[in-house]
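Here is a short briefing to read alongside your model. Take a look at the structure first, and then we can walk through a few of its features together.

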Amino acid sequence: MNIGITVYPTYGGSGIVGSELGRDLAERGHNVHFISSVLPTRLTELNERIHFHEVEMMSYALFEHQPYDLALATKMATVARAEKLDLLHVHYAIPHSISAILARESIKQKRYVPVITTLHGTDITLVGADRSYLPITRYGLQQSDGVTAVSKFLKQATIETFDFDEIEVIPNFICGKHYFRTPDAPLRKELAPNGERLLVHVSNFRPVKRPMDCVDILAKVRAEGVNARLVMVGDGPELSAVRYHGEQLGMNGNVVYVGKQANIADYLGVADVFLLPSELESFGLAALEAQACEVPVVATRIGGIPEVVNDGESGFLSDVGDVDKMSVDTLKLLGDEDLRRAFGEKGRELAVSRYSTEKIIPQYIAFYEKIVKKAKAAAA
Ligand code: GMT
């Protein structure tokens, strides 16, 4: 198939999922055309099956805001015709599904290119649910030729908010070959030079991730006499507040802020416990990546996280903001090597058996085939 994919190229899990999906589809022999403002971060190399089409925007003094959605729609339509795309697959509904529908409609006399929208989370639970975007998001869902959601939780949230239920759940995935426990890697010595235990958090440091809770957990763990350090991977709007909080608690000597990293698996591979105290998480891709590296997860019991992390088997789940319980859970894991290993092994088993590329990518391909066939039948 010739597949067009649009993602947010710089931030967030939806961009990672869309990019890795495209890469895997190309390895399976499909031609993949990424259409976005810049090359998606996880897409380090292009080849004869992976192409990139940059959305260019003309700037004009009259525009208070650049109409990116229209430039994207124009590019989608141009690429769809030139590359004979079989479908456009957009990740994150706003505004990508609307741009894709516009593109489809603008060229449908020449070629009907079905639109598949994958919902990732805040496009439904936060941004899409806001009154300023709700009607157009519902329209985007109704007009898409196919809609998928990354968790059962997100499907249910979409039904409740948009009264729309034609949704296939296709969960996020990991390639087991790229995620490993590497306890003896030199990075471990660098991050924990005196043999400290390592807590790791990975996020885009937005308020919804509650990164401050990680510092509170570290403080409580250390107060119990456990020599632990916290590694904060990523960057975002909350980072300076987190640093300030760390300073106030006298913890910054034991927090390592490493910023955005290209290879998250390096940090997860050397971790003892992964912390994800989010307020909202439709799936929790970082928790899945941690489990794939055999790292037990201490997280909140919200959204799709209970679908990914087995409470009491591969991690421990708590109510949002319950840093006392999350600290107790972290201490339990840090103090018991056998428990940590058992949780790690269970996490890896769950990650590979439920969420490996081998299991999930064929579900996307089958969905593509179903939608393309349906569109062809409707046109005949
Ligand atoms: O968090 C967002 O605002 C959007 C999105 C993103 O691009 O990171 O995150 C969502 O998609 C991820 C990939 O499917 C999920 O793993 C995250 O749980 C989800 N984030 C939220 O629901 C807050």
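Buried means under 20% relative accessible area, exposed means over 50%, and partly exposed lies in between (1.4 Å probe, protein chains only). This is a predicted model, in which local features need pLDDT of at least 70, side-chain atom pairs count only at pLDDT 80 or more, and totals for chains, interfaces and linings use all residues. Residues are numbered from 1 along each chain as its sequence is written, and side-chain values use heavy atoms, leaving out hydrogens and water.

**Helix α1**
- Helix α1 covers residues 13-27 and reaches 21 Å from its first C-alpha to its last, close to the 21 Å expected at 1.5 Å a residue.
- Helices (H or I, at least four residues) and strands (E, at least two) are DSSP runs, numbered from the N terminus.
- Of the 15 residues in α1, 12 are buried, including I16, V17 and L21.
- The buried residues of α1 pack against several elements, among them β1 (2-6), β4 (87-91) and α15 (357-379), where contact means heavy atoms within 4.5 Å.
- Just after α1, G29 has a positive phi of about 100°.

**The loop residue F63**
- F63 sits in the loop between β3 and α2 (68-82).
- With a relative accessible area of 35%, F63 is partly exposed.

**Cysteines**
- The structure has zero disulfides, a disulfide being a pair of cysteine sulfur atoms within 2.5 Å.
- For C175, the closest cysteine sulfur is in C293, 12 Å away and too far for a bond.
- C175 counts as buried at 13% relative accessibility, and C293 counts as buried at 0%.

Definitions and conventions
Expected span 1.5 Å × (residues − 1).
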